[in-house]
Structure formats: C-alpha cells, structure tokens
Amino acid sequence: MTTISTPTPTRPWLPSTKDKLRDLFFFLLSIVATYVIVAITPMKGKLAYFILFFLLYMSLTAGLQYFARGSAAAKDAFVSSLVAVGAVLTVMPIASIIGTVVSKGYKGLHLGILTTDMSLAAPTDPIANGGLLHAITGTLTLVVLALIMSVPIGILTALYLTEIQGSLSRPIQFLVQAMSGVPSIVAGLFILSAVLYPITKGYSGLMGALALTILMIPTVARTSQEVLKLIPDDLREAGVALGGTQWRTVAMIVLPAARSGLITAVILGIARIAGETAPLLLLTGGGDTVNPNAFNGSIGSLPYYIWKSFNAGSPEAITRAWAGLLVLMIIVLVLFTLARLLGTRKVAR
Amino acid sequence: MTTSAPVRVVPAPRELTTQPRFSDKVFRTVVTIGGLSSLLILGLIAIFLAYRGYEVLRQEGFKFLTSSDWSISVDDAGNVVDSTFGLAAMLVGTILCSIVAVAIALPISVFSALFLNFYAPGWLKKILIAVIDMMAAFPSILFGIWGFLVLMPSVEYWAKLLNNYFGFLPFLKLEPYVVTRSPFVAGVVLAIMIIPIVTSVAREIFSQAPLDRIQAAYALGATRWAMIKAVVIPHGKSGVIGGAMLGLGRAMGETVAVYSVLNIVFQVNWQVLLGAGGNVASLIILKFGEASPYEIKALMAAGLVLFLLTLVVNAIADLIVRGTGKSGR
Amino acid sequence: MNESHESENKKMETTTPSSLADVANAKVQKAPGTRAMGTGLETRGIHAWFGKNHVLSDVNLDFAAGTVTALIGPSGCGKSTFIRTINRMHEFIPGAAMAGEVLLDGKDVYAPGTDVTKIRLQIGMVFQKPNPFPSMTIGENVLSGLKLSQQKVSNKDELLEECLVRAGLWNEVKDRLGAHGGSLSGGQQQRLCIARALAVRPQVLLMDEPCSALDPGSTLRIEETIRELSDTMTIIIVTHNMQQAARVSDYTGFFLSEGGPGQMIEAAPTSEIFSRPRDTRTENYVTGRFG
C-alpha cells in the first residue's frame with residue numbers, strides 16, 4: 001500500500017476573494033452613486049435612496065453578468081437582488097417596530113410601574129404617577145383562565161385527530177383551520193351575545209377569558225397535532241402490544257413523550273392571546289384598579305391599558321402606551337423564545 | 001392421503017371485531033367530544049349572532065348589504081324612533097383594504113420565501129425564519145399603534161407620489177385630495193401584518209419542491225432563477241395562492257390595527273388613496289361604546305356577515321393549500 | 001433503493017466471469033478517439049468530501065471521446081459522487097467539498113470564473129429515477145434545456161424529432177407530443193429524460209444508474225440507445241448491473257471503498273476487466289465473491 005497524501009478539501013464553487021471584492025465595490029459604488037443622484041436631481045427622501053440604490057446595484061450586477069455570461073445569467077443576477085429586497089422588506093418593519101417600541105417605551109418606565117395601578121392617576125398626570133399593576137395582574141388572570149379552558153379542549157382535539165382518526169377527522173381538521181381564522185372581534189361579539197347579555201349581564205374577566213379561549217383553541221390544537229404526529233407509531237403499537245388499553249397508552253406513553261412539544265403548543269397559544277385587544281374592549285370593561293375577582297366586575301389588561309392610553313392622546317398617555325407596548329412586547333418575545341427553545345426538542349427521548 | 005375431487009371452499013371472511021374495554025370507551029368518547037368542540041363553537045357563533053341580529057336583518061333585508069347609511073335616532077325615553085343600517089361602505093372598505101394588503105404582501109412574501117429557501121446561507125436562513133415567525137406572533141395592537149405613529153406619515157407621502165405619477169389609473173384617482181388615513185394606509189399596515197403568515201406558507205410549500213426535478217433543471221444548465229421558474233413556481237403556485245387567501249382572511253377580520261389608522265366614513269369609496277374608508281370589524285369597535293341595545297343588534301348582524309365572509313375565504317384557502325400538499329406537485 | 005441494489009448484486013452471483021467476458025467481447029470494439037469530437041474528458045486527482053467525511057480519494061480517469069465507460073462497484077463506493085463532481089452537481093449538497101481537476105477539452109471546469117451553467121450544458125446528465133417536468137408536455141420536456149439556458153434554435157421541430165429518434169422514443173410518442181410527460185411509462189420517461197439531455201447537444205453524457213428503476217425490457221431498450229449514442233458523444237454510466245456494464249461499455253472502472261474513502265481500483269477495456277482483471281479485488285467483485 002502506498003500512502004497518498006490527501007489534499008485539502010476545497011470549494012471552488014464558492015465566490016472567490018476577487019468576486020467578493022467586486023461585489024463590495026459594486027455595493028459601495030451604488031451607495032455613492034445614489035447619494036450623488038439624490039444630491040443633483042429633485043428626487044428626495046428615504047424612498048428615493050432605497051429605490052435608487054436598488055436599481056443601481058441591480059443594474060450593475062446584472063449588467064456585469066450580461067456581458068460576462070449572457071442574458072440568462074443577467075436575469076439570474078436581477079432576481080437575486082429582487083429576492084434579497086423581498087427579505088429586507090419583510091424584516092425591516094420588525095426592526096422598526098422593535099426599535100421604536102424600545103426607544104419610546106423606556107421613557108415610560110419607572111420604579112413604581114409594577115407596584116401601582118392607574119386608579120389615582122389621570123391621563124395627563126406625570127409618568128411617575130400610576131403604573132401597570134392592574135393591567136399585568138388582569139392579563140395574567142385572563143390568560144390563566146383561558147389556559148384552563150382551552151388547553152384541555154385543544155389537546156383533546158389534537159388527540160382526536162392523531163389517535164382516534166375517526167370518520168370525522170377531515171371535517172374537524174377543516175373546522176379547526178376555519179376556527180383559527182375567526183376574527184377576534186367576532187369571538188368577542190359571540191361571548192357578548194351568548195353569555196354576557198343573557199347570563200352575567202356585566203363585564204368580568206371570565207367574559208374576556210372565554211373569548212380568548214376561542215382564539216387559543218386552534219393554535220393549541222394545531223401545534224399539538226403537529227407534535228403528536230411526530231411520535232412514532234411503533235411507540236403506540238408497543239404500548240398496545242404490551243396489553244395496555246389505548247387510554248393508558250396515550251396517557252402513559254404518547255403524552256409524556258410529546259410533553260415538551262405540548263408545552264410549546266401552550267406557550268404559542270399564550271403568545272397568540274396575550275396581546276389580543278378587540279374582544280377585551282367589548283367584554284372586560286378595562287378597570288383602572290386591581291381586580292382580584294375574575295368573575296365579577298371590570299378588569300384591566302395590558303392591551304386595554306395600551307388602547308386606553310393611546311386614545312387618551314395626551315403626551316403622557318402616549319408615553320404610557322409605549323411603555324405598555326414595551327412590556328407586552330417583552331412578554332411575547334420571552335414566550336416566543338421559550339417556545340423556540342423547547343420546540344427544538346419536540347419529542348423527548 | 002386420499003385425493004378427492006378438489007372442491008375449493010372459499011371461507012367467509014371472519015369479521016374482526018374489537019370490543020374496546022370500558023376505559024377505552026370512555027377515553028374515545030371524551031376525546032371525540034373534545035374534537036367536536038370546534039364544530040360546536042363555530043355553530044354556536046353563527047346561531048347566536050344570527051339570533052341577536054335577526055331583528056335588524058329582517059327590518060333591513062337585503063339593504064343591509066347594499067345600502068351604506070348607518071343612523072339611528074332615539075327619543076328621550078330611549079325608544080328607537082328611526083333607524084337604517086347598511087353595511088355596503090364597510091364591506092367595500094374591508095375588501096379594499098385587504099386587497100391592497102394582499103397585493104403588497106404577496107410579491108414581498110414570495111420573494112422572501114424564495115430568498116429563504118434558495119439564496120440565503122444556512123445561518124441567515126435560521127435567524128430570518130425565527131424573526132419572521134416571531135413577527136407573526138406580535139399582537140395587532142402593536143402594529144396598529146406603530147402604524148399610526150411611525151408608518152402613517154411615510155405611507156401618506158408614498159400615496160401622494162403614487163397619485164402624482166399614476167393618478168391616471170382609475171383606482172389611484174384622488175378626488176377630493178385627502179390622503180390621510182386612507183384604505184391604502186390601512187392596507188400597508190395589514191400587509192406588514194400578513195407578510196409573515198404568507199411567507200411561512202410559501203416557504204413551506206417551496207421547500208417541498210421535488211429535489212430530483214431541481215437537480216434535473218440544474219443538470220440541464222439552468223441558472224438558479226431558471227430552475228425556480230421551471231420547477232419551484234409550477235410546484236408551489238396554487239399553494240402560494242392559498243397562503244395569500246389565508247392572509248386575506250386575516251386582513252379582513254383585523255380590528256384594532258385598522259381602526260387605528262383608518263378614517264371610517266359611511267360612504268362607498270373605491271379610491272384606494274382617498275382618506276375615507278370602512279371596515280366591518282372597526283365599525284363594531286367604533287359604534288359599540290355608545291350603541292343603544294337596538295344598534296347592538298345591528299352590530300351583531302354585522303359580526304355575522306364578517307364571520308361568514310372570513311369563513312368562506314378561509315375555507316377556500318384551506319382547500320387550496322391542502323390540495324397542493326396532497327398531489328405533491 | 002438499497003434493496004434493489006442488493007437484489008441486482010445477488011443476480012450477479014449466478015453469472016460466471018467468462019460469460020461476462022463473452023458478452024463484453026461480442027460487441028463491436030471501438031478504438032478511442034476515432035472521431036473528431038474534442039479531446040475528451042480527463043479527471044486528475046479527484047477527491048470528494050461531505051462535511052468531514054472523505055468519500056472519494058484520488059481518482060484519475062481519462063474518458064476518450066466517443067467511448068462508453070462503465071463505473072462499477074458496491075454501494076457507497078463513491079461512483080455517483082465521482083460523476084457528480086464531473087458536471088459540478090456535487091456542490092449542491094450542503095457541506096460538500098472537493099479537490100482535483102476535471103479537464104474538459106483541456107480546460108478545468110472548476111477554474112475560477114467558469115460559467116457553471118455552460119459546463120452543465122456540455123456535460124449532460126441522466127438520473128437514476130426518471131424525472132420529467134410534470135408541468136410540461138412531452139415536446140416541451142425535450143426542449144426544456146434550451147428554455148432553461150435561454151438558447152434560441154431556429155428548427156425546433158427538427159431538433160425535437162432528432163432527439164426523440166436518438167433516444168429511441170420517437171415512434172412511441174410522435175402522435176402525442178402535446179401530452180404530459182407524466183403520462184408515459186417509467187422506461188419511456190427515462191428515454192424522454194435522455195432526449196431532454198440530448199437537446200442541448202452535450203459532448204459528454206453522464207448516466208447515474210439510469211436503468212435501476214426500470215423493468216428488463218426498458219433496460220434493454222435504453223442500452224441500445226446508449227450504444228447508438230456513443231457514436232457521437234462520450235458516455236459515462238454508473239451501474240450496479242455487471243451484465244449491463246459488459247453489454248454497453250468499452251471501458252470499465254472498478255470503484256471500491258475499504259472502510260475509508262472510495263477509490264478507483266482498476267480501469268481497463270471492459271473485456272479485460274471481465275476476463276483477466278489485474279487486481280484480485282476486482283476479480284472477487286466481478287466473479288461475485290463479494291459485493
């Protein structure tokens with residue numbers, strides 16, 4: 001046997017340093033040209049910069065490809081720029097939203113924000129008066145109530161679709177999908193017409209939670225279904241073959257195996273409803289004091305607080321709204337990150 | 001062994017019966033009831049809204065959908081003296097806003113889905129997918145207030161530009177010249193809200209484009225774009241349309257984001273850039289605060305119309321998306 | 001996929017080497033380079049990696065113009081990877097890397113600044129599984145390569161007929177060129193894919209187990225097609241079927257992976273490989289003692 005010295009692996013198809021430098025040069029050239037054109041022509045504004053830069057960069061790269069390799073390559077280069085613009089346009093709003101909320105919201109934060117409510121503060125009061133206590137406890141109450149009602153129903157629906165797979169599977173799958181499209185305001189009106197007017201005749205946290213339940217069920221059901229589908233069938237068969245009933249197999253094998261995925265489903269459901277506004281405007285009354293009774297009397301919530309402050313219109317109120325948005329956004333971000341972390345290991349080993 | 005004339009007896013198939021145990025019967029019943037809850041809830045929504053709105057629907061008849069007057073006068077005792085309820089302006093506005101939203105969101109979503117699947121390097125793809133999914137989970141009130149305070153001035157400027165250069169197109173006319181809080185502004189905000197949804201659907205469907213055909217296209221000397229045009233687009237076309245319909249359904253039912261940026265006027269307006277629009281969901285929020293019990297009934301009827309509208313749009317979207325998943329092409 | 005390979009290999013055990021040599025000798029022998037079709041294809045020190053995994057080591061093979069070369073060897077020995085490095089399809093696999101040179105008419109296809117789409121037009125490929133474009137008709141499928149690379153031809157109908165005739169499919173489809181590609185049988189679809197590859201007039205045609213998904217009748221039909229095509233182009237065919245290698249090829253290369261990366265053990269005229277292989281490992285393989 002002769003020993004062959006192994007050469008180093010290369011990837012000749014990746015852009016070379018020369019290619020990268022050329023692209024960078026075109027990029028800088030486009031920026032400079034954009035500034036020059038904006039300066040010497042009447043075209044002005046961010047939009048002009050954006051469009052000009054895109055057009056210049058695109059025509060430079062496409063033009064180069066046209067002369068080097070022909071029209072097919074030029075089209076390819078053109079589309080490459082176009083899809084990149086699509087991605088930028090998709091991500092730009094979120095950057096703007098996060099940036100604005102953070103930069104405007106932090107001004108509304110103060111030490112007492114988590115310990116005081118708005119019962120003694122007017123919209124035009126200085127920021128240091130009043131806080132979010134009623135809104136945060138209210139949102140917490142609503143979410144917990146909605147959780148208690150929607151999680152069992154959502155997971156049962158998912159179990160029906162994956163474990164029983166009866167003749168109704170297709171229609172139910174369809175209905176769950178349809179339910180996820182129910183506008184939140186319609187859910188609010190429904191609870192208003194079916195529960196609040198005929199039965200309780202007054203605002204309460206329960207009413208809001210009922211509407212949120214309707215909105216949360218499809219999210220929990222669909223995500224749980226995805227997770228339960230990932231549980232391999234041989235696990236189920238093993239359970240039944242060992243003499244377990246289907247009930248025991250599901251309860252002791254399938255559900256525990258899917259545990260972290262199901263938690264992800266629940267977290268995504270919470271993220272879906274935590275900032276839901278429209279039905280709360282109809283059903284909860286949005287009080288300014290902490291209301292520990294979820295079943296009676298108007299109750300505050302973060303979205304309601306934000307909405308109320310935003311519509312009050314005074315500069316202080318607007319700042320309060322931004323601060324509320326910041327808190328709400330942080331809650332959603334934390335929930336979402338949590339779901340992501342758990343979601344990466346959907347099926348426990 | 002004796003050999004007799006071979007008579008082939010085909011045995012009757014045995015019936016395989018499983019007698020589920022009691023606990024399983026209970027389990028299956030409970031799960032089935034849980035599964036049927038969606039049917040129950042959707043049914044109840046339709047029944048209750050129809051029941052509450054019945055009086056108004058009967059009084060207004062078909063005019064409820066075709067007229068655009070919305071007025072009610074009440075005497076001092078609280079009795080209704082006179083009332084007309086018409087949803088036409090709101091329906092037109094709802095459709096207009098959501099069409100603008102889809103028209104803007106669809107190309108951007110398709111481009112960014114293509115970017116994610118076929119252009120972005122792995123690390124960037126991972127980050128972008130997480131960001132876009134997170135954006136889909138952002139509450140609508142966030143989009144509404146951001147849209148009103150940050151985005152609206154820019155969009156109104158774009159609207160003026162559009163009118164300047166493309167004002168000859170009938171739907172970009174502007175008479176009178178009022179651009180604030182127009183359906184176009186609402187449409188842009190809605191577009192930003194539905195882009196993550198449509199992008200996710202499109203990305204999912206593009207990623208299912210068959211690898212063997214992608215390779216065949218490349219092996220025939222296709223550039224990346226030529227490959228996408230020949231393989232990915234034909235494969236994903238109908239699925240992407242379904243995704244756009246999902247976005248349309250979401251845009252139609254959106255409340256607070258639209259209410260924040262739209263000027264609601266009870267007059268049918270087809271001019272996208274004109275600052276006078278409508279939206280069924282926003283109408284409900286607008287009128288709910290001061291509504292008399294009779295007007296509430298009209299709002300219930302409006303809710304019923306919105307519910308049925310979104311149900312139909314979502315149903316079509318679902319059929320299309322699932323249809324593509326099935327046939328695998 | 002693997003199962004079919006195994007069953008094919010099992011079949012081989014019943015075949016004696018001498019009969020394979022007879023098969024190899026029975027066809028008209030061709031001397032390399034008898035026609036002016038360019039100087040052919042050469043590979044110099046080809047290595048391939050998937051991530052950290054070294055799958056192919058130091059392959060040096062020359063393919064003379066106008067010949068058919070079969071690459072044989074057990075599964076996982078790097079044959080497919082090797083031909084995919086030739087037309088640069090290797091680079092689509094995430095984490096892939098390579099080393100070495102592929103010279104087409106003396107020019108390295110991996111040289112910086114090379115237009116990879118042009119390379120793939122010159123080096124066509126037929127895949128294991130027939131993969132016509134379902135959204136196109138039969139006629140459009142044949143001409144799809146021109147459309148994909150934006151080439152214009154004046155005589156589309158003639159080209160269409162010529163390619164289908166050369167792929168041996170013309171008589172079967174001439175009355176239904178407007179039908180969809182998916183309406184053909186598996187064997188017909190594969191010949192459609194060959195016709196599609198021919199339409200861009202490649203110098204070299206790579207075939208990656210083109211018959212492994214087909215029935216014996218279709219396989220024979222495609223083998224005839226390969227023999228006919230070899231008059232005008234260089235063909236490299238990967239196959240698990242040694243009968244097939246003996247029937248269609250002028251030269252045969254034997255690949256083997258002994259735990260490490262796949263290597264080319266031996267390459268020689270096909271009749272020699274099957275009658276008097278120089279390497280015992282080749283002999284063991286072609287006589288069916290392993291693999």
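Two strands pair if DSSP finds at least two bridges between them. Helices (H or I, at least four residues) and strands (E, at least two) are DSSP runs, numbered from the N terminus. The structure is a predicted model, in which local features need pLDDT of at least 70 and side-chain atom pairs count only at pLDDT 80 or more, whereas totals for chains, interfaces and linings use all residues. Residues are numbered from 1 along each chain as its sequence is written, and chains are lettered from A and ligands numbered from 1 in the order in which they are written.

**Hairpins of chain C**

Select residues 251-257 and 262-269 of chain C: these are strand 9 and strand 10, antiparallel and joined by seven bridges. Leu256(C) has Gln263(C) in strand 10 as its bridge partner. The two strands form a hairpin with four residues between them, and in the turn Gly259(C) has a positive phi of about 85 degrees.

Next, select residues 41-50 and 53-63 of chain C. Strand 1 and strand 2 of chain C run antiparallel there, with seven bridges between them. Thr43(C) is found opposite Leu61(C) of strand 2. Two residues lie between the strands of this hairpin, and Gly51(C) takes a positive phi near 60 degrees.

**Where chain C meets chain B**

Show chains B and C together. Here 16 residues of chain B are in contact with 21 residues of chain C, two residues being in contact if their C-beta atoms, placed from the backbone, lie within 7 Å. On the side of chain B, the elements that give two or more residues are helix 7 (211-219) and helix 8 (224-253). Helix 7 of chain B gives the most, with seven residues. This side of chain B divides into 10 nonpolar, three polar and three charged residues. In this classification Ala, Val, Leu, Ile, Met, Phe, Trp, Tyr, Cys and Pro count as nonpolar, Asp, Glu, Lys and Arg as charged, and the others, Gly among them, as polar.

**Helix packing within chain B**

Keep chain B and select residues 88-119 and 183-207. The axes of helix 3 and helix 6 of chain B come within 5 Å and cross at roughly 40 degrees. Axes are lines fitted to C-alpha atoms, for helices over the stretch in contact, and angles run from 0 to 180 degrees between N-to-C directions. Helix 3 of chain B is therefore oblique to helix 6 of chain B (angles under 35 degrees count as roughly parallel, over 145 as roughly antiparallel, 65 to 115 as roughly perpendicular and the rest as oblique). The residues of this contact of helix 3 with helix 6 of chain B comprise 23 nonpolar, eight polar and one charged.

**Chain A**

Finally, display chain A against chain B. The contact takes 73 residues from chain A and 66 residues from chain B. Helix 3 of chain A, residues 71-105, gives the most to the side of chain A, with 20 residues. That side of chain A holds 52 nonpolar, 15 polar and six charged residues.
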